[in-house]
Amino acid sequence: MLDPKFIRENPDVVKAACRKKRIDVDVDRWLALDSESREIKRSVESLKAEQNLRSKEMPKLPPDGKLALRGELKILSDRVAEGEARIKLLDPEIDGLMLRIPNIPAPEVPEGKDDTENVEVRRVGTPRQFTFAPKDHVELGTSLDLLDTERAARIAGSRSYFLKNEGALLELAVLRFALDHMVASGFTPMIVPHIVSEEAMRGTAYLPGGEEQAYQLTRDDGWLIGTSEVPVTAYRGGEILNVAELPIKMAGWSSCYRREAGTYGKDTRGIYRIHQFMKVEQVILCKNDPEESKKFHAEIVAHAETILQKLELPYRIVNVCGGDLGRPQIQKFDIETWMPSRQGYGETHSASRFHEFQARRLNLRYRDADGTVRFCHTLNNTVIASPRILIPLLENHQNEDGSVTIPECLRPYMNGRTVINGRR
RNA sequence: GGAGAGGUGGCAGAGUGGUCGAAUGCGGCGGUUUGCUAAACCGUUGUUCUGGGGUAAUCCCGGUACCGGGGGUUCGAAUCCCCCCCUCUCCGCCA
């Protein structure tokens, strides 16, 4: 959510943001309704002031005086009710529009309609030249008995999987390795609720708009999280933090659930696009300072890069263009890891900065050194998401004999094993 | 799932229709005292929106709303009524 004052004072900037992000919201409608509602609120407020003032006389009056005053106050009260009825009519539409008005993208966000126009920032590592015909992760996973998607489809439907044997262990290893890196970097590890309230979903800006992507509970209230960003960012919502607590750095661990509606026929092979996965997510709450936000954005990108480098995986970073940027982000860098079976880079990480967009919705504030209450800035990035990361891990590290070498950083988490070869 | 109790400021805890943004205590902040610390004493102590004034900024004056959330009764609601949510205790079921 943007500062309403900002929208009133900079409608053209807001409209330009809508255009750059390819988001259709009637900003003028919001401006008109907002101005009408505010005018009514001002008049209701002054009526209430009068009402309160005159009501103070009431207890002191004799019975007949009370009766007369009641008559007068009733008129005031009716006018207040009238105004409030108008407001009650206007405000839901104002709020509804407000939730759809996007955050302003940074100037350095490239112009573009969709992910094909994202701009590569840099590449790190060189995709391996195979001297044999490499298998894809499904072939590797099946032949080494790490993965079963066929039976999963029978048990759980499409976009499901079983991880088995070293596949299961490898997932836990890579997650734990990633989490340990974050803890060593000063992040608080968090195991979080997977079912959250609608408020938490709205607060992190997944709603409205993300209804199609998220699983909603029907018997009870609640939504399954698509990322631990939701509970972790919302964790301190509604609070006024002490500035000394900032920055707050947290690493959320959770399963993630995504409906993947509208993706039929896309990425159907293997475990690239699935309904449920595990993720460690890094979240930072910091001061309301664009420079600081930007610094932490670089930091969370760097954490992800370090992990990919230790996993010995080539990757590239792209600056996500306006049309591919979500409503709440100021800027987003996607990290894409080399996946031999795709003969290309596939998204494995997504690092966003939001400024106060989420914090406003979550009412997440802090008291600055000068006593002023301000909204925090929020940021987040993937640390590792599995099993998607198993795709490059298995494919890049495969050997001609069909085995897979375990990168050194994961061996301590795999009981010292160096290779997955199906023998156990 | 059944029965009961309760949700008030950072915390504890009064307040059952008007003078209540709310007693009191603790905590926090400022000060006095002190060689320092503690104690004691004095003062202060939230947020929202809004009108006006002022600054580099903190700010000042007025109004409004906020006592779990929503609705209602009333001239007027923390206080009365209805619905919902949450917490606690006991019972049942159960990983």
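**RNA strand B and the sheet**

Colleague: What does the polar backbone atom of Asp370 sit 2.9 Å from?
Modeller: A sugar or linking oxygen of RNA strand B. This is a predicted model, where local features need pLDDT of at least 70 and side-chain atom pairs count only at pLDDT 80 or more, while totals for chains, interfaces and linings use all residues. Residues are numbered from 1 along each chain as its sequence is written, chains are lettered from A and ligands numbered from 1 in the order in which they are written, and side-chain values use heavy atoms, leaving out hydrogens and water.

Colleague: Which side chain has an N or O atom 2.7 Å from a base nitrogen?
Modeller: That of Glu45. A polar contact here is a pair of N or O atoms within 3.5 Å.

Colleague: How many residues surround RNA strand B?
Modeller: 21, with Arg38, Glu45, Asn52, Arg367 and Asp370 the closest. Sugar and phosphate make up 73% of the RNA atoms that come within 4 Å of the protein. A residue is near the strand if one of its heavy atoms lies within 4 Å.

Colleague: Which helix gives the largest share of that surface?
Modeller: α3, with eight residues. Helices are DSSP runs of H or I, at least four residues, and strands are runs of E, at least two.

Colleague: Switching to the open sheet, what is the strand order?
Modeller: β1-β10-β11-β12-β15-β9-β8-β4, with mixed pairing. β1 (119–124) and β4 (188–191) are the edges. Pairing takes at least two DSSP bridges.

Colleague: How many bridges join β1 and β10?
Modeller: Five, in the antiparallel sense. Arg122 stands opposite Ile317 in β10.

Notes
Polar contact = N/O pair within 3.5 Å; in protein donor to acceptor, adjacent residues only side chain to side chain.
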